[in-house]
Amino acid sequence: MIRIPFARALAVLLLLAFAPSTAATAQPGQPATAAADPSGDWLGVLALGGNQLHLAFHFRRNGTALSGTMDSLDQAAMGLPLANVRAEGGTLAFDVPAVGGHYSGAWDASAAGYAGEWNQATIKLPLALARGGAPARPVVQGLDGNWDGKLMLGTMGSLRLVFHIETTAAGTVAAMQSPDQGPGIIPFTAIARDGGKVVLEAPAIGGRFEGTLSADQATMTGRWSQGGQETPLEMKRRPADAPPPAALNRPQMPRRPYPYREIEVGYDNIHGGNRLAGTLTVPPGAGPFPAALLITGSGPQDRDETLMGHKPFLVLADYLTRRGIAVLRVDDRGVGASTGDFARATSADFATDVEAGIAFLQTRPEIDRHRIGLVGHSEGGLIAPLVAARNPGVAWVVMMAGPGVRGDRIIVSQERLIAAAAGVPAAQLDKNEALEQRLLSAVENAPDAETARTQAKALLVAQNMSDRAATAAAAAVSSDWYRGFLRYDPAAALRQLRVPVLAIAGSLDLQVPPEENLAAIRSALAADRDATAVELPGLNHLFQTAKTGAVAEYMQIEETIAPIALKTVGDWIVAHTR
């Protein structure tokens, strides 16, 4: 989705995936004979950006048979069973079914450990194992258990959070989840208690909780900070016999087994120097089939475009594949199983990721290389025409809530509409809009990012924003992505298109308002003989059947994508790929 600079959700929790590893180093003097029997404890370290994921493996021998468990120490995931453990001829191999992982390594006498490769989905990464127990962690008394709370996000609604804290033989470990955003586990890499003061830090998402433990040790009351914003948060210890928070009902979620092939894939973007991982779904039969490449909206998105318990791209891919269209959906760079630096990337960089996907599809025997099209949602609807205007491999384009006007106009419109839907008085709306205009002007007109950051921070501090919050907010609005988005006019790429185009928008979309954007899209596509722009009544930015279109409704609505939206897109693609 288009990024909302001030009203955006604070806690977009991403499932930690394994990324390029940092080898664990063996203790000096380990004997080479350790390869004869792997029984005992071993350590490995995987790095995720600037964060490390520490893994401990425990092997046991019963006669000739080996078994074992794995601990993900930073995620409080302990005792995951190993399967198919094999140690012979100086090699060690095993599976971790709970996470779909596999390890295979060979004995390295010089390091007195195993040097091998971790495989998970499409990831193939080096991982070294060294003998040794888990490093000791501090023991933090009085916090063990599951803690439940709700983060209030203003116009974005609320987000349920769960803190898991457990003291093990290796010390106290903690992690967090959001039942409203899926099963992903985010580690707290630091946990501390000083009397009644409690601090937990999750650098993987830039999050920090600081609160006070009640006298009965049943409640932690404090503030959650992330992205320069601070929000009150109260966490209550869950009774031992109480059930966990219920998962949100999402009746459209596809369930396996599917009546089509599901293939985990990976490919390189040579221009960006990153590797992209995704899922290719292929209809039954020999093919070759027409194919749709799905492009996510703004912000770090996984291949399913997971948000508030919804998986729109999973639902869309399932629907299209059942109608005879192969679909490739991909984790954004730096998200899930894809590598790369998301934070430093711009829409132009994401466009090269899309082109790498087109090139990949053109190599697949199941795919008709002449019938490959793009389906972009929100910012993805900006990127799709940008790619199609220069890449002859694109046969058609579908824009779902894609922008037709400059980014600075969209930001001002969405801020006002979202605040109005939340009941903000007209006078305050005018005041907020005036401030927004001043901020955007300062950022756009600055000669460089550093000047933009300095001017934005000064303006925000003058509005009584704390120095810490102003620093983070100024960094966000002065980023290369944000400044590029503000200045980008989609009309330039749209005017160049001579392939079939479908643009759809929900009448209740408050993030990319349909009236001005669809009108601009129609105007820019005037020379395209096969261009259609459709407004679907009663649907929001996610194409859910909504009441007001307010962002707070996204999570409350059980429907992921309205059937009319699926049918509109599906009918059009089928008609244009026969």
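**Figure 1. Helix 4 and helix 5, side by side.** On the helix 4 side, look for D408, I411, V412, E415, R416, A419 and A420. Helix 5 answers with A426, L429, D430, E433, E436, Q437, L440 and E444. Sort the residues of this contact by class and you get 7 nonpolar, 1 polar and 7 charged.

**Figure 2. Helix 5 again, this time with helix 6.** Here helix 5 (residues 426–445) meets helix 6 (residues 449–462), and the two axes come within 8 Å of each other. They cross at roughly 160°, which makes helix 5 roughly antiparallel to helix 6. The crossing is right-handed. From helix 5, the contact takes in L435, R438, L439, A442 and V443; from helix 6, it takes in A452, Q455, A456 and L459. The tally by class for this contact is 7 nonpolar, 1 polar and 1 charged.

**Figure 3. Helix 1 meets helix 12.** Helix 1 covers residues 312–322, while helix 12 covers residues 563–575. They pack at an angle of about 45°, with 10 Å between their axes, and are therefore oblique to each other. Their crossing is right-handed. Helix 1 brings V315, L316, Y319 and L320 to the contact, and helix 12 brings L566, K567, G570 and I573. Of these residues, 6 are nonpolar, 1 is polar and 1 is charged.

**Figure 4. A salt bridge between R61 and D37.** The whole structure holds 29 salt bridges, and this view picks out one of them. The closest N and O atoms of R61 and D37 are 3.3 Å apart. R61 sits in strand 3 (residues 51–62). Its partner D37 belongs to the loop between strand 1 (21–22) and strand 2 (40–48).

Figure 5. Start with the bond from R256 to P257: it is cis, with omega near 0°. P257 is in the loop between strand 19 (229–237) and strand 20 (261–269). Then move on to the bond from G287 to P288, again cis, with omega near 5°. You'll find P288 in the loop that joins strand 21 (274–282) and strand 22 (289–295).

**Figure 6. Positive phi at N84 and S378.** N84 is not a glycine, yet its phi is positive, near 55°. This residue lies in strand 6 (residues 83–88). S378 isn't a glycine either, and has a positive phi of about 60°. Look for S378 in the loop between strand 24 (367–377) and helix 3 (379–388).

**Figure 7. How confident is the prediction, and where does pLDDT stay under 50?** Across the protein, pLDDT averages 88, and 91% of the residues score at least 70. Residues 1–34 are the stretch to treat with care: pLDDT stays under 50 there. For this stretch, the model has 130 contacts beyond four places in sequence.

Terms used. Residues are numbered from 1 along each chain as its sequence is written. This is a predicted model: local features need pLDDT of at least 70, side-chain atom pairs count only at pLDDT 80 or more; totals for chains, interfaces and linings use all residues. Side-chain values use heavy atoms; hydrogens and water are left out. pLDDT is the predictor's confidence in each residue, from 0 to 100. Contact means heavy atoms within 4.5 Å. Axes are lines fitted to C-alpha atoms, for helices over the stretch in contact, and angles run from 0 to 180 degrees between N-to-C directions. Helices (H or I, at least four residues) and strands (E, at least two) are DSSP runs, numbered from the N terminus. Angles under 35 degrees count as roughly parallel, over 145 as roughly antiparallel, 65 to 115 as roughly perpendicular and the rest as oblique. A crossing is left-handed if the near helix is turned anticlockwise from the far one by less than a right angle, and right-handed if clockwise. Ala, Val, Leu, Ile, Met, Phe, Trp, Tyr, Cys and Pro count as nonpolar, Asp, Glu, Lys and Arg as charged, and the others, Gly among them, as polar. A salt bridge is a side-chain nitrogen of Lys or Arg within 4 Å of a carboxyl oxygen of Asp or Glu.
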